[in-house]
Amino acid sequence: MKYAVEAFNLTKAFKGEIDNGERGVVKAVDQVNLKVREGELFGLLGPNGAGKTTLIKILCTIILPSEGTAKVNGYDVLEESEKVRSSFGWFHGETGGRSLYWRLSAEDNLRFYAYLQNVPRDVAEKRIDAFLEFFDLMKDRRKLVKDYSTGMKVKVMLARALLHNPPILFMDEPTIGLDTLSSVETRRLLKTLNTELGKTIIFTSHNMFEVEQLCERVAIMRSGKIIIDSSITTLKDTLRDIRAIEVDIRDSKNPDEIIQRLSQMPMVIKILEIRNRADNLFVRLQVEDEYEAIPQITERLHSFGTKIQSIRQVEPTFEDIFVKLTGKE
Ligand SMILES: Nc1ncnc2c1ncn2[C@@H]1O[C@H](COP(=O)(O)OP(=O)(O)OP(=O)(O)O)[C@@H](O)[C@H]1O
Ligand SMILES: [Mg+2]
């Protein structure tokens, strides 16, 4: 089997600030072993500072590893960095489109990057047309990027990452800072690039929901290490087990009755926690389907005249998932 990415004991140590302001060595990436198959849509999840960007940067040959090595598209990041570079497109969302020239049009931006990537001119023109068409930017091709919406800038950045026709895309937090609509659109485009153009996509995110929707496989990083590497089905099962709904109820004169009514609902699996102070009642529940649960619980309590102060779905933390999957604290 051919792998798009293989990492072998990859480690990157930085000198920097460690706990309580002291200086020391931080292992941003710590003995990472990883294999991503060709054609996979692979999600790398983890909290801030987990090492996701550092790992991507090593694979993109932007920084060198301190130990270990990696292969991208079968080429060694240390020995064959030129070939590695022509194998991937890189996209990072954090800059909100700042890696484009705002005073150039979309097509001039793309021409400029095609030139930097040594794409022959006639090939470049054809690809630029094709991508502007693909991303539905044809009619705005001559508009300056500064006048584009955020979603349109994302599309130009994606087109840019694809100009040299790489088989692999590294996407570092592609939806960070985007509004809901642009995030949905970006996820849809990533899916299309994977399914229709066959691109291997490795993308990082803080957002479990996003990874759950998009990926086939997911790895979770913490303190430089990959602590979980699992199929999306396993992750979904785990999430289902630990996702909860929290309800705050005001003026609850009859807490026992409220609890009883809630526990009788078919979709309520378990009442996880009850706190009752003064006239305020707090209930945490495990349910079958969080999206369905919120309106149903609201309706049920309303029909008995119960005043809900707030109701929300609580997302499990990376810590919760880790504990659940490994049984370790
Ligand atoms: N150039 C650097 N010099 C020193 N320390 C660094 C450097 N780059 C990253 N680090 C440290 O390495 C660790 C991992 O950082 P990295 O940016 O890879 O995490 P991340 O998972 O991408 O986080 P985020 O979700 O915030 O983007 C952090 O502790 C960070 O402070
Ligand atoms: Mg990062």
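What is the strand order of the open sheet of four strands, and with what pairing? The legends below take this sheet and then other regions of a predicted model.

**Figure 1. The open sheet of four strands.** The strand order is E2-E1-E4-E5, and the pairing is antiparallel. Strand E2 (23-37) and strand E5 (75-76) are the edges. Each has a single partner strand, so one side of each lacks a neighbour in the sheet. Strands in a sheet pair through backbone hydrogen bonds, in either a parallel or an antiparallel sense. Strand E1 (residues 3-17) pairs with E2 over 11 bridges, in the antiparallel sense. Within this pair, Lys12 stands opposite Val29 in E2. Helix H1 (residues 52-59) packs on the sheet. H1 touches E1, E2 and strand E4 (67-72). The direction of H1 makes about 65 degrees with that of E2.

**Figure 2. The open sheet of six strands.** Here the order is E6-E7-E8-E3-E9-E10, and the pairing is mixed. Strand E6 (88-92) and strand E10 (225-231) form the edges, and each pairs on one side only. On average, neighbouring strands of this sheet are turned by 15 degrees against each other, direction ignored. Strand E7 (residues 168-172) and strand E8 (residues 200-205) run parallel, joined by five bridges. Leu169 stands opposite Ile201 in E8.

Figure 3. Which strands does helix H8 (residues 232-242) touch? H8 packs on the sheet against strand E9 (217-222) and E10. Its direction makes about 100 degrees with that of E10. Helix H11 (residues 318-326) also packs on the sheet, touching E9 and E10. For H11, the angle with the direction of E10 is about 70 degrees.

**Figure 4. The E9-E10 hairpin.** E9 and E10 run antiparallel, with six bridges between them. Ala219 stands opposite Asp229 in E10. Two residues lie between the strands of this hairpin. Ser223 sits in the turn and has a positive phi of about 45 degrees.

Figure 5. Strand E12 (residues 268-277) and strand E13 (residues 280-287) run antiparallel. Eight bridges join them. Arg277 has Asn280 in E13 as its bridge partner. This hairpin has two residues between its strands. Ala278, in the turn, has a positive phi of about 50 degrees.

**Figure 6. Helix H3 against helix H4.** How do H3 (residues 106-116) and H4 (residues 121-134) pack, and at what angle? Their axes lie 10 Å apart, at an angle of about 135 degrees. H3 and H4 are therefore oblique to each other. The crossing is right-handed. H3 contributes Ala106, Glu107, Leu110, Arg111 and Ala114 to the contact. From H4 come Ala124, Ile128 and Leu132. By class, the contact has six nonpolar and two charged residues, and no polar ones.

**Figure 7. The two domains.** The chain is divided into domain 1 (3-238) and domain 2 (243-317). Taken over C-alpha atoms, the domain centres are separated by 40 Å.

Notes. Residues numbered from 1 in each chain as written. Chains lettered and ligands numbered in written order. Predicted model: local features only at pLDDT ≥ 70, side-chain atom pairs only at ≥ 80, totals over all residues. Axes fitted to C-alpha atoms, helices over the stretch in contact; angles between N-to-C directions. Parallel < 35°, antiparallel > 145°, perpendicular 65-115°, else oblique. Left-handed = near helix turned anticlockwise from the far one by under 90°. Contact = placed C-beta atoms within 7 Å. Nonpolar A, V, L, I, M, F, W, Y, C, P; charged D, E, K, R; others polar. Pairing = 2+ DSSP bridges. Domains from an automatic or database assignment.
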